[in-house]
Amino acid sequence: MEVLVIHGPNLQLLGMREPDVYGREKLDAINARLKAVAEAYGVGLECRQSNHEGEIVDWIGRSPERFSGIVINPAAYTHTSVAIRDALAAVRLPAVEVHLSNVHKREPFRAHSYVAPVVWGTISGFGPLGYELALIALIRLLKGKENAKDEGAN
Ligand code: DQA
């Protein structure tokens with residue numbers, strides 16, 4: 001089993017980007033944490049970052065060829081991208097949406113997610129730990145897929 005992690009726009013700047021909001025941990029460190037979690041579960045992991053909506057759409061569209069599930073922080077595209085939402089809905093791979101910050105405590109435009117209705121669930125406000133929680137949730141649900149399907153997820 002292999003999981004795809006997608007980090008959206010500006011997340012390559014983690015560490016120096018608005019540290020009061022996003023913390024000081026760099027993307028590489030977050031990805032290393034995720035690798036360790038995946039390894040502990042015996043699951044393969046690929047982490048990618050892009051600032052380009054179409055590239056993320058392409059990755060999602062091709063994801064079923066190789067991956068069993070997706071962890072995605074669509075970043076600003078969360079609030080704008082019908083294309084990313086449609087790609088997730090099209091491939092129907094189990095996915096978990098992550099936000100480092102609590103998007104509901106911030107500007108009102110961040111409270112709306114185009115992606116939320118087509119993912120299994122959303123984790124927001126726990127900083128880098130949120131990625132680990134998302135990955136663990138995804139792996140555990142994938143491993144017990146039959147039950148998860150019964151719940152009508154995705
Ligand atoms: C974010 C929240 C988004 O509103 C913002 O545009 C981001 C990061 C988060 O991880 O908290 O770039 O997705």
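Biologist: How many bridges pair strand 1 and strand 3?

Modeller: This is a predicted model, in which local features need pLDDT of at least 70 and side-chain atom pairs count only at pLDDT 80 or more, while totals for chains, interfaces and linings use all residues. Residues are numbered from 1 along each chain as its sequence is written, and side-chain values use heavy atoms, with hydrogens and water left out. Strands are DSSP runs of E with at least two residues, and helices are runs of H or I with at least four, both numbered from the N terminus; two strands pair if DSSP finds at least two bridges between them. Strand 1 and strand 3 pair in the parallel sense, with Ile 70 as the bridge partner of Leu 4, and the number of bridges is 5.

Biologist: In what order do the strands form the open sheet?

Modeller: The edge strands, each pairing on one side only, are strand 2 (44-49) and strand 5. Strand 1 is joined to strand 2 by 6 bridges, and strand 4 (residues 95-99) to strand 5 by 4 bridges. The 5 strands, paired in parallel, therefore follow the order 2-1-3-4-5.

Biologist: Which residue meets Arg 66 in a salt bridge?

Modeller: A salt bridge here is a side-chain nitrogen of Lys or Arg within 4 Å of a carboxyl oxygen of Asp or Glu. The partner of Arg 66, which lies in the loop between helix 3 and strand 3, is in strand 1, 64 residues apart from it. With 2.8 Å from N to O, the side chain that meets Arg 66 is that of Glu 2.

Biologist: Is Glu 132, which forms a salt bridge with Arg 33, buried or exposed?

Modeller: The closest N and O atoms of Arg 33 and Glu 132 are 2.2 Å apart. Arg 33 lies in helix 2 (residues 27-40) and Glu 132 in helix 5, so the pair ties together parts that are 99 residues apart in sequence. Buried means under 20% relative accessible area, exposed over 50% and partly exposed in between, with a 1.4 Å probe and protein chains only as cover. Arg 33, at 30%, is partly exposed, whereas Glu 132, at 16%, counts as buried.

Biologist: Which strands does helix 5 touch where it packs on the sheet?

Modeller: Contact means heavy atoms within 4.5 Å. By that criterion, helix 5 packs on the sheet by touching strand 1, strand 2, strand 3, strand 4 and strand 5.

Note on methods
Axes fitted to C-alpha atoms, helices over the stretch in contact; angles between N-to-C directions.
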